[in-house]
Amino acid sequence: MRRDGRHPFRLDTVSALKTTGLITAGILLLGFSCVGVLYLTRGTPVSSVRTFGQAPPPGVLDPLFRRTVDLLAGMTMQDGNDVEVLVNGDQTYPRLWADLRSARQTITLQMYYGNPGKVADTLKTILIERARAGVRVLYLHDAIGLQNLKDEWRDSLRAAGVQVAVFRPPRWYQLDKAGHRSHIRVVVVDGHIGYTGGFGIDDKWLGDGRTNGSWRDTNARFLGPAVMQLQAAFAAGWAEATGELITGQLFFPIEEFRSDGDDFGALLHMAPTIGSTPAERFLALSIEGARRTMYIANSYFVPDDDFRRMLVAAAQRGVDVRILTASDKTDIKTTWYAGRKRYEELLEGGVRVYEYAPTMMHAKTFVIDGVWSTVGTMNFDNRSLAYNDESNLVTFDRRVGAIMDSIFLEDLKHSTEIKLETFRRRPWHQKVFESGANILSRLL
(Lines give C-alpha, C1' and ligand atoms only; values in the text may rest on other atoms or scores of the structure.)
Protein backbone atom coordinates (compact mmCIF):
# COMPACT_ATOMS: atom_id res chain seq x y z
CA MET A 1 0.00 0.00 0.00
CA ARG A 2 1.32 3.44 -0.92
CA ARG A 3 1.51 6.30 1.59
CA ASP A 4 -1.36 8.08 -0.19
CA GLY A 5 -3.57 5.03 0.53
CA ARG A 6 -3.93 3.91 -3.09
CA HIS A 7 -3.12 0.36 -4.11
CA PRO A 8 -0.40 0.24 -6.81
CA PHE A 9 -2.03 -2.78 -8.52
CA ARG A 10 -5.27 -0.90 -8.95
CA LEU A 11 -3.44 2.11 -10.36
CA ASP A 12 -1.55 -0.08 -12.81
CA THR A 13 -4.77 -1.84 -13.87
CA VAL A 14 -6.65 1.41 -14.48
CA SER A 15 -3.70 2.82 -16.38
CA ALA A 16 -3.46 -0.31 -18.52
CA LEU A 17 -7.18 -0.23 -19.29
CA LYS A 18 -6.98 3.42 -20.31
CA THR A 19 -3.98 2.72 -22.52
CA THR A 20 -5.69 -0.29 -24.10
CA GLY A 21 -8.81 1.78 -24.73
CA LEU A 22 -6.83 4.55 -26.39
CA ILE A 23 -4.95 2.07 -28.57
CA THR A 24 -8.20 0.36 -29.58
CA ALA A 25 -9.83 3.67 -30.41
CA GLY A 26 -6.78 4.68 -32.41
CA ILE A 27 -6.83 1.43 -34.40
CA LEU A 28 -10.53 1.83 -35.15
CA LEU A 29 -10.05 5.46 -36.18
CA LEU A 30 -7.10 4.50 -38.38
CA GLY A 31 -9.09 1.67 -39.95
CA PHE A 32 -12.05 3.94 -40.58
CA SER A 33 -9.74 6.53 -42.12
CA CYS A 34 -8.10 3.91 -44.34
CA VAL A 35 -11.45 2.64 -45.59
CA GLY A 36 -12.68 6.17 -46.09
CA VAL A 37 -15.82 7.99 -45.00
CA LEU A 38 -16.88 8.60 -48.58
CA TYR A 39 -16.38 4.94 -49.45
CA LEU A 40 -18.58 3.80 -46.58
CA THR A 41 -21.32 6.26 -47.48
CA ARG A 42 -21.08 6.28 -51.26
CA GLY A 43 -24.11 6.18 -53.50
CA THR A 44 -24.61 5.26 -57.14
CA PRO A 45 -23.38 7.66 -59.84
CA VAL A 46 -26.01 7.18 -62.59
CA SER A 47 -28.34 10.20 -62.57
CA SER A 48 -30.03 9.89 -65.98
CA VAL A 49 -30.35 7.79 -69.14
CA ARG A 50 -29.64 9.55 -72.45
CA THR A 51 -29.51 8.59 -76.11
CA PHE A 52 -27.87 11.81 -77.43
CA GLY A 53 -30.43 11.87 -80.21
CA GLN A 54 -34.01 12.83 -80.96
CA ALA A 55 -35.51 9.53 -79.76
CA PRO A 56 -36.04 8.76 -76.06
CA PRO A 57 -34.34 5.77 -74.48
CA PRO A 58 -35.74 2.51 -75.91
CA GLY A 59 -38.92 1.13 -74.40
CA VAL A 60 -39.07 -2.40 -73.03
CA LEU A 61 -40.80 -3.62 -76.22
CA ASP A 62 -38.02 -2.26 -78.42
CA PRO A 63 -35.48 -5.02 -79.33
CA LEU A 64 -32.74 -2.46 -78.67
CA PHE A 65 -33.84 -2.35 -75.02
CA ARG A 66 -33.00 -5.99 -74.26
CA ARG A 67 -29.72 -5.77 -76.15
CA THR A 68 -28.76 -2.64 -74.21
CA VAL A 69 -29.66 -4.14 -70.82
CA ASP A 70 -27.67 -7.27 -71.65
CA LEU A 71 -24.59 -5.20 -72.44
CA LEU A 72 -24.85 -2.62 -69.65
CA ALA A 73 -26.05 -4.88 -66.84
CA GLY A 74 -23.81 -7.81 -67.78
CA MET A 75 -26.41 -10.51 -68.38
CA THR A 76 -27.37 -12.77 -71.27
CA MET A 77 -31.06 -13.07 -72.14
CA GLN A 78 -31.93 -16.41 -73.77
CA ASP A 79 -35.07 -18.32 -74.60
CA GLY A 80 -35.72 -21.89 -73.50
CA ASN A 81 -36.44 -21.12 -69.83
CA ASP A 82 -39.40 -22.45 -67.89
CA VAL A 83 -40.30 -20.04 -65.07
CA GLU A 84 -42.67 -20.71 -62.18
CA VAL A 85 -43.50 -17.80 -59.86
CA LEU A 86 -44.01 -18.99 -56.27
CA VAL A 87 -45.87 -16.83 -53.76
CA ASN A 88 -45.07 -17.13 -50.05
CA GLY A 89 -43.93 -20.16 -48.08
CA ASP A 90 -47.04 -22.23 -48.82
CA GLN A 91 -46.05 -22.38 -52.49
CA THR A 92 -42.27 -22.23 -52.12
CA TYR A 93 -41.13 -24.71 -49.50
CA PRO A 94 -43.11 -27.81 -50.62
CA ARG A 95 -41.62 -27.40 -54.12
CA LEU A 96 -38.16 -26.68 -52.75
CA TRP A 97 -38.11 -29.66 -50.36
CA ALA A 98 -39.31 -32.01 -53.11
CA ASP A 99 -36.64 -30.78 -55.54
CA LEU A 100 -33.86 -31.07 -52.97
CA ARG A 101 -34.93 -34.63 -52.10
CA SER A 102 -34.82 -35.49 -55.81
CA ALA A 103 -31.13 -34.52 -56.15
CA ARG A 104 -28.95 -37.29 -57.58
CA GLN A 105 -25.60 -35.59 -58.23
CA THR A 106 -25.24 -32.06 -56.84
CA ILE A 107 -26.86 -29.42 -54.67
CA THR A 108 -25.43 -25.92 -54.47
CA LEU A 109 -27.01 -23.64 -51.89
CA GLN A 110 -26.23 -20.04 -50.98
CA MET A 111 -28.27 -18.20 -48.35
CA TYR A 112 -28.17 -14.83 -46.64
CA TYR A 113 -30.49 -15.17 -43.64
CA GLY A 114 -31.43 -17.87 -41.16
CA ASN A 115 -32.71 -18.68 -37.68
CA PRO A 116 -33.34 -21.93 -35.81
CA GLY A 117 -36.74 -23.53 -36.38
CA LYS A 118 -38.74 -25.88 -38.58
CA VAL A 119 -37.31 -24.59 -41.86
CA ALA A 120 -33.71 -24.89 -40.63
CA ASP A 121 -34.37 -28.38 -39.26
CA THR A 122 -36.04 -29.59 -42.46
CA LEU A 123 -33.27 -28.20 -44.64
CA LYS A 124 -30.59 -29.80 -42.43
CA THR A 125 -32.33 -33.18 -42.52
CA ILE A 126 -32.62 -33.14 -46.32
CA LEU A 127 -29.04 -32.01 -46.94
CA ILE A 128 -27.66 -34.62 -44.55
CA GLU A 129 -29.71 -37.39 -46.15
CA ARG A 130 -28.66 -36.40 -49.68
CA ALA A 131 -24.98 -36.06 -48.71
CA ARG A 132 -24.99 -39.51 -47.14
CA ALA A 133 -26.61 -40.83 -50.31
CA GLY A 134 -23.58 -39.66 -52.31
CA VAL A 135 -24.85 -36.29 -53.57
CA ARG A 136 -22.18 -33.58 -53.65
CA VAL A 137 -23.63 -30.79 -51.47
CA LEU A 138 -22.00 -27.33 -51.32
CA TYR A 139 -23.47 -24.85 -48.85
CA LEU A 140 -22.34 -21.21 -48.71
CA HIS A 141 -23.76 -18.75 -46.22
CA ASP A 142 -23.21 -15.10 -45.41
CA ALA A 143 -21.27 -14.54 -42.19
CA ILE A 144 -23.62 -11.85 -40.88
CA GLY A 145 -27.06 -12.92 -42.09
CA LEU A 146 -26.81 -16.48 -40.77
CA GLN A 147 -24.91 -15.87 -37.56
CA ASN A 148 -27.95 -16.95 -35.51
CA LEU A 149 -27.68 -20.50 -36.85
CA LYS A 150 -25.26 -21.93 -34.32
CA ASP A 151 -22.10 -23.92 -34.97
CA GLU A 152 -23.87 -27.15 -34.01
CA TRP A 153 -26.21 -26.78 -37.00
CA ARG A 154 -23.31 -26.37 -39.43
CA ASP A 155 -21.17 -28.99 -37.72
CA SER A 156 -23.89 -31.62 -38.24
CA LEU A 157 -23.85 -30.82 -41.96
CA ARG A 158 -20.07 -31.14 -42.15
CA ALA A 159 -20.15 -34.44 -40.27
CA ALA A 160 -22.48 -35.85 -42.92
CA GLY A 161 -20.21 -34.77 -45.78
CA VAL A 162 -21.72 -31.39 -46.72
CA GLN A 163 -19.06 -28.86 -47.71
CA VAL A 164 -19.79 -25.67 -45.75
CA ALA A 165 -18.19 -22.29 -46.41
CA VAL A 166 -18.66 -18.82 -44.91
CA PHE A 167 -18.86 -15.71 -47.09
CA ARG A 168 -16.79 -12.71 -45.95
CA PRO A 169 -16.38 -13.27 -42.21
CA PRO A 170 -15.62 -9.91 -40.55
CA ARG A 171 -11.90 -9.34 -40.00
CA TRP A 172 -10.19 -6.21 -38.70
CA TYR A 173 -7.82 -6.12 -41.67
CA GLN A 174 -10.69 -6.34 -44.20
CA LEU A 175 -12.89 -3.48 -43.07
CA ASP A 176 -13.46 -2.51 -46.69
CA LYS A 177 -15.43 -5.75 -47.15
CA ALA A 178 -17.43 -5.63 -43.92
CA GLY A 179 -20.36 -3.73 -45.43
CA HIS A 180 -20.49 -5.83 -48.60
CA ARG A 181 -22.76 -8.75 -47.85
CA SER A 182 -23.89 -11.66 -49.99
CA HIS A 183 -27.64 -11.02 -50.12
CA ILE A 184 -27.93 -13.70 -52.82
CA ARG A 185 -30.29 -16.69 -52.66
CA VAL A 186 -29.17 -19.65 -54.75
CA VAL A 187 -30.52 -23.18 -54.90
CA VAL A 188 -29.41 -25.34 -57.84
CA VAL A 189 -30.29 -29.03 -58.00
CA ASP A 190 -28.31 -31.27 -60.37
CA GLY A 191 -27.48 -28.24 -62.52
CA HIS A 192 -31.07 -28.40 -63.76
CA ILE A 193 -33.46 -26.70 -61.31
CA GLY A 194 -32.87 -23.21 -59.92
CA TYR A 195 -34.44 -21.07 -57.22
CA THR A 196 -33.99 -17.46 -56.20
CA GLY A 197 -36.11 -14.84 -54.45
CA GLY A 198 -36.51 -13.28 -51.04
CA PHE A 199 -36.95 -16.45 -48.98
CA GLY A 200 -34.59 -17.61 -46.23
CA ILE A 201 -34.01 -20.25 -43.60
CA ASP A 202 -36.55 -19.00 -41.09
CA ASP A 203 -40.06 -19.98 -40.01
CA LYS A 204 -41.40 -16.47 -40.64
CA TRP A 205 -41.44 -17.32 -44.34
CA LEU A 206 -43.89 -20.17 -43.73
CA GLY A 207 -47.58 -19.61 -44.43
CA ASP A 208 -49.74 -17.62 -46.83
CA GLY A 209 -48.27 -14.13 -46.38
CA ARG A 210 -51.67 -12.73 -45.39
CA THR A 211 -51.49 -13.07 -41.60
CA ASN A 212 -49.23 -11.34 -39.12
CA GLY A 213 -46.06 -13.37 -38.57
CA SER A 214 -46.16 -15.00 -42.02
CA TRP A 215 -43.99 -12.86 -44.29
CA ARG A 216 -45.25 -11.96 -47.76
CA ASP A 217 -42.61 -12.90 -50.34
CA THR A 218 -42.21 -13.83 -54.01
CA ASN A 219 -39.74 -16.42 -55.31
CA ALA A 220 -38.98 -18.13 -58.60
CA ARG A 221 -38.34 -21.75 -59.60
CA PHE A 222 -36.93 -22.14 -63.10
CA LEU A 223 -35.35 -24.50 -65.61
CA GLY A 224 -33.23 -23.69 -68.64
CA PRO A 225 -30.19 -21.51 -69.45
CA ALA A 226 -30.80 -19.15 -66.52
CA VAL A 227 -30.01 -22.02 -64.13
CA MET A 228 -26.44 -22.17 -65.41
CA GLN A 229 -26.15 -18.41 -64.89
CA LEU A 230 -27.39 -18.88 -61.32
CA GLN A 231 -24.81 -21.63 -60.85
CA ALA A 232 -22.13 -19.24 -62.12
CA ALA A 233 -23.19 -16.69 -59.49
CA PHE A 234 -22.78 -19.37 -56.83
CA ALA A 235 -19.40 -20.38 -58.25
CA ALA A 236 -18.14 -16.79 -57.94
CA GLY A 237 -19.11 -16.64 -54.26
CA TRP A 238 -17.72 -20.11 -53.57
CA ALA A 239 -14.41 -19.17 -55.19
CA GLU A 240 -14.06 -16.10 -52.99
CA ALA A 241 -14.95 -17.99 -49.83
CA THR A 242 -12.86 -21.12 -50.43
CA GLY A 243 -10.35 -20.37 -53.18
CA GLU A 244 -11.92 -23.22 -55.15
CA LEU A 245 -13.48 -22.43 -58.54
CA ILE A 246 -15.96 -25.14 -59.45
CA THR A 247 -16.42 -26.18 -63.07
CA GLY A 248 -17.02 -29.27 -65.17
CA GLN A 249 -19.92 -31.43 -66.29
CA LEU A 250 -21.05 -32.22 -62.75
CA PHE A 251 -21.98 -28.60 -61.98
CA PHE A 252 -22.51 -27.28 -65.53
CA PRO A 253 -24.09 -30.16 -67.49
CA ILE A 254 -24.30 -29.29 -71.18
CA GLU A 255 -27.45 -31.30 -71.80
CA GLU A 256 -29.36 -29.22 -69.24
CA PHE A 257 -28.68 -25.82 -70.80
CA ARG A 258 -32.21 -25.79 -72.26
CA SER A 259 -35.65 -26.84 -71.11
CA ASP A 260 -38.97 -27.41 -72.83
CA GLY A 261 -40.06 -23.92 -71.80
CA ASP A 262 -40.10 -20.89 -74.07
CA ASP A 263 -39.64 -18.07 -71.53
CA PHE A 264 -37.05 -15.46 -72.51
CA GLY A 265 -34.93 -14.65 -69.49
CA ALA A 266 -31.64 -14.43 -67.63
CA LEU A 267 -30.16 -14.49 -64.16
CA LEU A 268 -28.76 -11.09 -63.24
CA HIS A 269 -25.88 -11.39 -60.78
CA MET A 270 -25.16 -7.97 -59.31
CA ALA A 271 -21.88 -7.44 -57.50
CA PRO A 272 -20.59 -4.15 -56.06
CA THR A 273 -17.81 -2.14 -57.67
CA ILE A 274 -16.15 1.14 -56.77
CA GLY A 275 -18.20 2.94 -59.45
CA SER A 276 -21.40 2.33 -61.37
CA THR A 277 -22.94 -1.07 -60.58
CA PRO A 278 -24.93 -3.53 -62.73
CA ALA A 279 -27.82 -3.15 -60.29
CA GLU A 280 -28.26 0.60 -60.78
CA ARG A 281 -27.78 0.36 -64.56
CA PHE A 282 -30.41 -2.39 -64.77
CA LEU A 283 -32.87 -0.42 -62.65
CA ALA A 284 -32.30 2.90 -64.45
CA LEU A 285 -32.76 1.35 -67.92
CA SER A 286 -35.89 -0.49 -66.75
CA ILE A 287 -37.54 2.65 -65.36
CA GLU A 288 -36.72 4.65 -68.47
CA GLY A 289 -38.04 1.80 -70.63
CA ALA A 290 -41.55 1.91 -69.12
CA ARG A 291 -44.30 3.16 -71.42
CA ARG A 292 -47.58 1.97 -69.91
CA THR A 293 -47.33 0.42 -66.43
CA MET A 294 -44.67 0.01 -63.75
CA TYR A 295 -45.59 -2.05 -60.69
CA ILE A 296 -42.80 -2.19 -58.10
CA ALA A 297 -43.07 -4.35 -54.96
CA ASN A 298 -40.13 -3.82 -52.64
CA SER A 299 -39.75 -4.32 -48.93
CA TYR A 300 -37.01 -1.76 -48.32
CA PHE A 301 -37.92 1.15 -50.58
CA VAL A 302 -35.50 4.06 -50.12
CA PRO A 303 -34.83 5.51 -53.61
CA ASP A 304 -32.18 8.21 -53.82
CA ASP A 305 -32.65 11.62 -55.45
CA ASP A 306 -31.90 10.40 -58.98
CA PHE A 307 -34.17 7.38 -58.88
CA ARG A 308 -37.00 9.48 -57.42
CA ARG A 309 -36.65 11.84 -60.36
CA MET A 310 -36.76 8.89 -62.77
CA LEU A 311 -39.92 7.49 -61.15
CA VAL A 312 -41.64 10.88 -61.20
CA ALA A 313 -40.58 11.48 -64.82
CA ALA A 314 -42.12 8.12 -65.76
CA ALA A 315 -45.40 9.04 -64.07
CA GLN A 316 -45.44 12.43 -65.76
CA ARG A 317 -45.00 10.89 -69.21
CA GLY A 318 -48.16 8.86 -68.61
CA VAL A 319 -46.87 5.63 -67.05
CA ASP A 320 -49.04 4.14 -64.28
CA VAL A 321 -46.32 3.96 -61.60
CA ARG A 322 -47.31 2.15 -58.41
CA ILE A 323 -45.10 1.27 -55.46
CA LEU A 324 -45.98 -1.43 -52.93
CA THR A 325 -43.79 -1.50 -49.85
CA ALA A 326 -43.82 -2.49 -46.19
CA SER A 327 -46.05 -0.95 -43.53
CA ASP A 328 -45.34 -0.37 -39.86
CA LYS A 329 -45.16 -4.17 -39.56
CA THR A 330 -41.70 -3.98 -41.13
CA ASP A 331 -38.78 -5.65 -39.37
CA ILE A 332 -36.53 -2.60 -39.88
CA LYS A 333 -38.26 0.59 -38.77
CA THR A 334 -35.29 2.81 -39.65
CA THR A 335 -35.55 1.85 -43.31
CA TRP A 336 -39.33 2.32 -43.26
CA TYR A 337 -39.01 5.83 -41.85
CA ALA A 338 -36.30 6.74 -44.36
CA GLY A 339 -38.52 5.49 -47.19
CA ARG A 340 -41.51 7.48 -45.89
CA LYS A 341 -39.38 10.63 -46.01
CA ARG A 342 -39.59 10.24 -49.81
CA TYR A 343 -43.34 9.72 -50.14
CA GLU A 344 -44.40 13.36 -50.53
CA GLU A 345 -42.12 14.00 -53.50
CA LEU A 346 -43.30 10.84 -55.23
CA LEU A 347 -46.98 11.47 -54.52
CA GLU A 348 -46.72 15.06 -55.73
CA GLY A 349 -45.18 13.74 -58.95
CA GLY A 350 -48.03 11.31 -59.68
CA VAL A 351 -46.52 8.09 -58.30
CA ARG A 352 -49.00 5.98 -56.31
CA VAL A 353 -47.68 4.43 -53.08
CA TYR A 354 -49.17 1.56 -51.07
CA GLU A 355 -48.20 -0.11 -47.80
CA TYR A 356 -48.94 -3.81 -47.29
CA ALA A 357 -51.19 -4.10 -44.25
CA PRO A 358 -51.43 -7.72 -42.97
CA THR A 359 -47.79 -8.51 -42.22
CA MET A 360 -44.19 -7.85 -43.27
CA MET A 361 -43.95 -7.46 -47.06
CA HIS A 362 -40.54 -8.82 -48.13
CA ALA A 363 -40.91 -9.26 -51.92
CA LYS A 364 -38.43 -7.69 -54.35
CA THR A 365 -40.13 -7.62 -57.76
CA PHE A 366 -41.26 -5.38 -60.55
CA VAL A 367 -43.22 -5.81 -63.75
CA ILE A 368 -43.18 -3.20 -66.52
CA ASP A 369 -45.69 -2.98 -69.38
CA GLY A 370 -46.88 -6.49 -68.54
CA VAL A 371 -43.82 -8.10 -70.12
CA TRP A 372 -40.54 -7.03 -68.46
CA SER A 373 -40.32 -8.44 -64.94
CA THR A 374 -37.94 -9.54 -62.24
CA VAL A 375 -38.02 -11.63 -59.06
CA GLY A 376 -35.07 -11.76 -56.74
CA THR A 377 -33.14 -10.31 -53.83
CA MET A 378 -32.46 -6.70 -54.88
CA ASN A 379 -34.04 -4.04 -52.70
CA PHE A 380 -34.73 -0.50 -53.85
CA ASP A 381 -32.14 1.02 -51.53
CA ASN A 382 -28.53 2.08 -51.60
CA ARG A 383 -27.35 -1.09 -49.84
CA SER A 384 -28.57 -3.33 -52.66
CA LEU A 385 -27.55 -0.96 -55.44
CA ALA A 386 -24.06 -0.09 -54.17
CA TYR A 387 -22.92 -2.62 -51.54
CA ASN A 388 -24.46 -6.10 -51.72
CA ASP A 389 -24.15 -9.08 -54.02
CA GLU A 390 -27.67 -9.73 -55.36
CA SER A 391 -29.41 -12.28 -57.61
CA ASN A 392 -32.50 -11.56 -59.72
CA LEU A 393 -34.27 -13.65 -62.33
CA VAL A 394 -35.23 -11.34 -65.20
CA THR A 395 -37.81 -12.31 -67.83
CA PHE A 396 -39.17 -10.83 -71.02
CA ASP A 397 -42.36 -12.83 -71.35
CA ARG A 398 -46.06 -11.96 -71.49
CA ARG A 399 -47.13 -15.11 -69.63
CA VAL A 400 -44.83 -14.38 -66.70
CA GLY A 401 -45.67 -10.69 -66.92
CA ALA A 402 -49.39 -11.42 -66.66
CA ILE A 403 -48.77 -13.54 -63.55
CA MET A 404 -46.69 -10.77 -62.00
CA ASP A 405 -49.36 -8.16 -62.79
CA SER A 406 -52.00 -10.37 -61.20
CA ILE A 407 -49.96 -10.96 -58.03
CA PHE A 408 -49.27 -7.25 -57.64
CA LEU A 409 -52.89 -6.18 -58.11
CA GLU A 410 -54.07 -8.88 -55.69
CA ASP A 411 -51.62 -7.58 -53.08
CA LEU A 412 -53.07 -4.08 -53.45
CA LYS A 413 -56.38 -5.43 -52.14
CA HIS A 414 -54.59 -6.08 -48.85
CA SER A 415 -52.79 -2.75 -48.79
CA THR A 416 -53.40 0.84 -47.78
CA GLU A 417 -52.89 3.52 -50.41
CA ILE A 418 -51.03 6.56 -49.12
CA LYS A 419 -52.91 9.74 -50.05
CA LEU A 420 -50.95 12.98 -50.23
CA GLU A 421 -53.24 15.21 -48.16
CA THR A 422 -53.68 12.59 -45.45
CA PHE A 423 -49.98 11.82 -45.36
CA ARG A 424 -49.11 15.48 -44.90
CA ARG A 425 -51.16 15.47 -41.68
CA ARG A 426 -49.17 12.66 -40.07
CA PRO A 427 -47.95 13.30 -36.48
CA TRP A 428 -44.96 15.57 -36.04
CA HIS A 429 -42.95 12.92 -34.23
CA GLN A 430 -43.13 10.68 -37.31
CA LYS A 431 -41.63 13.48 -39.37
CA VAL A 432 -38.80 13.75 -36.83
CA PHE A 433 -38.13 10.00 -37.06
CA GLU A 434 -38.19 10.22 -40.87
CA SER A 435 -35.67 13.06 -40.93
CA GLY A 436 -33.39 11.21 -38.53
CA ALA A 437 -33.55 7.98 -40.52
CA ASN A 438 -32.93 9.88 -43.74
CA ILE A 439 -29.48 10.85 -42.50
CA LEU A 440 -28.56 7.15 -42.52
CA SER A 441 -30.15 6.37 -45.89
CA ARG A 442 -26.83 5.73 -47.65
CA LEU A 443 -26.12 2.90 -45.18
CA LEU A 444 -29.58 1.29 -45.25
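Analyst: Ala, Val, Leu, Ile, Met, Phe, Trp, Tyr, Cys and Pro count as nonpolar, Asp, Glu, Lys and Arg as charged, and the others, Gly among them, as polar. This is a predicted model, in which local features need pLDDT of at least 70 and side-chain atom pairs count only at pLDDT 80 or more, while totals for chains, interfaces and linings use all residues. Residues are numbered from 1 along each chain as its sequence is written, and side-chain values use heavy atoms, with hydrogens and water left out.

User: How do the residues of the lining of the largest pocket divide?
Analyst: Sorted by those classes, the lining of the largest pocket holds nine nonpolar, five polar and six charged residues.

User: What makes a set of grid points a pocket, and which residues count as lining?
Analyst: On a 1 Å grid over the protein atoms alone, a cavity is a set of points where a 1.4 Å probe fits but cannot get out, whereas a pocket is an open set with protein on both sides within 12 Å along at least five of seven lines, and lining residues have an atom within 4 Å of a point. For the largest pocket there are 20 such residues, and Y112, H183, Y300, I332 and R383 lie nearest its centre. Its space is about 440 Å³, a volume being the space filled by probe spheres set on the points, which are joined across faces, edges and corners.

User: What is known of the second largest pocket, its space and its lining?
Analyst: The second largest pocket has about 290 Å³ of space and 19 lining residues, with D304, D305, R342, S441 and R442 nearest its centre. Its lining divides into five nonpolar, five polar and nine charged residues. Helix 10 (305-316) and helix 13 (382-387) each supply at least two of the lining residues, and helix 10 gives the largest share, four residues; helices (H or I, at least four residues) and strands (E, at least two) are DSSP runs, numbered from the N terminus.

User: How do you know whether the span of helix 4 is close to what is expected?
Analyst: The expected span is 1.5 Å times one less than the number of residues. Helix 4 (88-101), with 14 residues, reaches 20 Å from its first C-alpha to its last, close to the 20 Å expected.

User: Where do the buried residues of helix 4 fall, seen down its axis?
Analyst: Buried means under 20% relative accessible area, exposed over 50%, and partly exposed in between (1.4 Å probe, protein chains only). In helix 4, N88, G89, T92, Y93, L96, W97, D99 and L100 are buried. These residues fall within an arc of 165°, so they line one face of helix 4, the arc being that of the directions from the helix axis to the C-beta atoms. They pack against several elements, among them strand 1 (78-87) and helix 5 (118-132), where contact means heavy atoms within 4.5 Å.

User: What is the picture for helix 6?
Analyst: In helix 6 (151-159), W153, R154 and L157 are buried. They fall within an arc of 90°, so they too line one face of the helix, while the face turned away carries the exposed residues E152 and A159. The buried residues of helix 6 pack against helix 5, strand 3 (136-142) and strand 4 (163-167).

User: Is D369 buried or exposed?
Analyst: D369 has a relative accessible area of 5%, and is therefore buried. D369 lies in the loop between strand 12 (364-368) and strand 13 (372-376), and has a positive phi of about 55° although it is not a glycine.
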